Amino acid sequence: MVRQDAVRDELLALLGARPIVLVGMMGAGKTTVGRRLAARLDRAFLDSDEEVEKAAGMTIEEIFKAHGEADFRTGEARVIARLLKEPDIVLGTGGGAFMNPETRAAIREAGISIWIKADFELLFQRVSRRSNRPLLKTANPRETLQKLIDARYPTYAEADVTVTSSDVPQDQVAGELMDALLAHLRASQPELTHVQRPV
């Protein structure tokens, strides 16, 4: 526990108020891991999909049906730009959000991005449990998911930090995220390493 507290304190000192932004495919665990990470860091967790639904007064599935994907993406970019102004948050983003160059640039400028990377079988097993994935409502969801992975992984790789998620407790993944994030912050701000957060 002492080590966890020391990691958290140093991480928060190096991070300041910047948002931590989680990117990756649907089913990678951005929401479940994100909530645990936020709790460990005493930060608020926000989910961009939930915030888009609030702003639109409709579910994402309804937005896709009524207005199409392009309209959804425009609203998503607007919502994320607004959320990035919030201090001290962990933000989980939708699978396609990081594909928008303007959103990527805004995340790079305002926060630190972490790609939660997962392999195909783990993702497919997780997304198959839920029927609210508009992009997977196709004749061959396995093939669709593979195409999305092929198209998105090179862009996700632009995130500041990459952590591979496996079929282990999400608390463990949250701990791995903290360690990887701290290593990144130490490397990018060596002059501030081991600074204690003011009490």
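The axes of helix 4 (residues 60–67) and helix 5 come within 7 Å and cross at roughly 130°. Axes are lines fitted to C-alpha atoms, for helices over the stretch in contact, and angles run from 0 to 180 degrees between N-to-C directions. Helices (H or I, at least four residues) and strands (E, at least two) are DSSP runs, numbered from the N terminus. Helix 4 contributes Ile60, Ile63, Phe64 and His67 to the contact, and helix 5 contributes Glu69, Asp71, Phe72 and Arg73. Contact means heavy atoms within 4.5 Å. By class, 4 residues are nonpolar, 1 is polar and 3 are charged. Ala, Val, Leu, Ile, Met, Phe, Trp, Tyr, Cys and Pro count as nonpolar, Asp, Glu, Lys and Arg as charged, and the others, Gly among them, as polar.

Residues are numbered from 1 along each chain as its sequence is written. In this predicted model, local features need pLDDT of at least 70, side-chain atom pairs count only at pLDDT 80 or more, totals for chains, interfaces and linings use all residues, and side-chain values use heavy atoms, with hydrogens and water left out.

Helix 5 (residues 69–83) also packs against helix 3 (residues 48–56), at an angle of about 110° and with the axes 9 Å apart. Helix 3 and helix 5 are therefore roughly perpendicular to each other. From helix 3, Ser48, Asp49, Glu51, Val52 and Ala55 take part. They meet Phe72, Gly75, Glu76, Val79, Ile80 and Leu83 in helix 5. This contact has 6 nonpolar, 2 polar and 3 charged residues.

Helix 7 (residues 120–127) packs on helix 8 (residues 141–156) at about 125°, with axes 11 Å apart. That angle makes helix 7 oblique to helix 8. Phe120, Glu121, Leu123, Phe124 and Val127 of helix 7 meet Pro141, Arg142, Leu145, Gln146, Ile149 and Tyr153 of helix 8. The contact residues divide into 8 nonpolar, 1 polar and 2 charged.

An open sheet has 5 strands in the order 2-3-1-4-5, with parallel pairing. Two strands pair if DSSP finds at least two bridges between them. Strand 2 (44–47) and strand 5 (161–164) are the edge strands, each pairing on one side only. The twist averages 25° from one strand to the next. Strand 2 pairs with strand 3 (residues 89–92) over 4 bridges, in the parallel sense. Leu46 stands opposite Leu91 in strand 3.

The protein chain averages a pLDDT of 88, and 90% of the residues score at least 70. pLDDT is the predictor's confidence in each residue, from 0 to 100. Over residues 193–199, pLDDT stays under 50. The model has 13 contacts beyond four places in sequence for residues 193–199. Where pLDDT is low, the predicted coordinates should not be read in detail.

Methods
Angles under 35 degrees count as roughly parallel, over 145 as roughly antiparallel, 65 to 115 as roughly perpendicular and the rest as oblique.
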